[in-house]
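Hi everyone, thanks for making the time. I'd like to walk you through one structure, starting with a helix pair and then moving on to the charged side chains.

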Amino acid sequence: IGISGTREADIALSLSRRIAVELERLLDVEVILTRDDNTFIPLVERANIANSLNADLFVSVHANASDRETAWGVETYYLDGASDAGAARVAARENALAGDGDDPTSIVNDLSVTGTNRLSHSLAVTVQAAVVGAVGETFGASHIRDLGVQSALFAVLVWSRMPSILFESSFVTNRVDETRLRLPYYQQIQAEAIATAIHSWFESVER
């Protein structure tokens, strides 16, 4: 819950719906949302939905939070050991919703062999750069803080069996970030940037 009562669940759903529309407009794809209302879907089930459909890609959309109200910005994660203590804390917060699952270490090792990790990393880099660029160009450089691409053992990324990323759209615990997140236009700029990045990523993978 944000400073003025904004629910992450509402922001994530609204942003995800916008991303789905843009993806279907840009690409000849079918986008499956793990939820289309306020129903809570357990983390392992979210990954299982993608796995059961043999999805090409898994994108987990969130709004970030911090104990420090000064924390703000956008970051994108892929599956690997935590890149720093902050990444570990973010993953721990998200994973608190999960129950028992597979051993993360063994899965990360397996992904490193299959190359899925590499694809996830390249997708995260592409998405992060696109969002930072689009928001900066639209609102001005002072309105975006690039927290970069991070790695962590997020449960939904651990359990998904395809290239996957987790996108943190901004902090609901920062007053200015929260205000931005509530703006439909800000959400739309992010959604278009993410969809465009995914489009570019697919083209690069297919070459």
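Let's start with helix α7, residues 175-182, and helix α8, residues 184-206: their axes come within 5 Å and cross at roughly 80 degrees. Please keep in mind that this is a predicted model. With a crossing angle between 65 and 115 degrees, α7 and α8 therefore count as roughly perpendicular to each other.

Who meets whom there? On the α7 side we have R180, L181 and R182, and on the α8 side P184, Y186 and Q187. Sorted by class, that contact has 3 nonpolar, 1 polar and 2 charged residues.

Now for the charges. Side chains of opposite charge can pair when their charged atoms come close. In this model the count is 4 salt bridges, and I'll show you some of them.

One joins R17 and D36, at 3.0 Å from N to O. R17 sits in helix α1, residues 8-26, while D36 is in the loop between α1 and α2 (43-52), so this pair ties together parts that are 19 residues apart in sequence. R17 is partly exposed at 38% relative accessibility, and D36 is partly exposed too, at 48%.

Next, R25 and E22 form a salt bridge at 2.7 Å, N to O. Both lie in helix α1, 3 residues apart, or about one turn of the helix.

D10 is partly exposed at 34%, and R7 is partly exposed at 35%.

Thanks, and I'm happy to chat.

Technical notes. Residues are numbered from 1 along each chain as its sequence is written. This is a predicted model: local features need pLDDT of at least 70, side-chain atom pairs count only at pLDDT 80 or more; totals for chains, interfaces and linings use all residues. Side-chain values use heavy atoms; hydrogens and water are left out. Axes are lines fitted to C-alpha atoms, for helices over the stretch in contact, and angles run from 0 to 180 degrees between N-to-C directions. Helices (H or I, at least four residues) and strands (E, at least two) are DSSP runs, numbered from the N terminus. Angles under 35 degrees count as roughly parallel, over 145 as roughly antiparallel, 65 to 115 as roughly perpendicular and the rest as oblique. Contact means heavy atoms within 4.5 Å. Ala, Val, Leu, Ile, Met, Phe, Trp, Tyr, Cys and Pro count as nonpolar, Asp, Glu, Lys and Arg as charged, and the others, Gly among them, as polar. A salt bridge is a side-chain nitrogen of Lys or Arg within 4 Å of a carboxyl oxygen of Asp or Glu. Buried means under 20% relative accessible area, exposed over 50%, partly exposed in between (1.4 Å probe, protein chains only).
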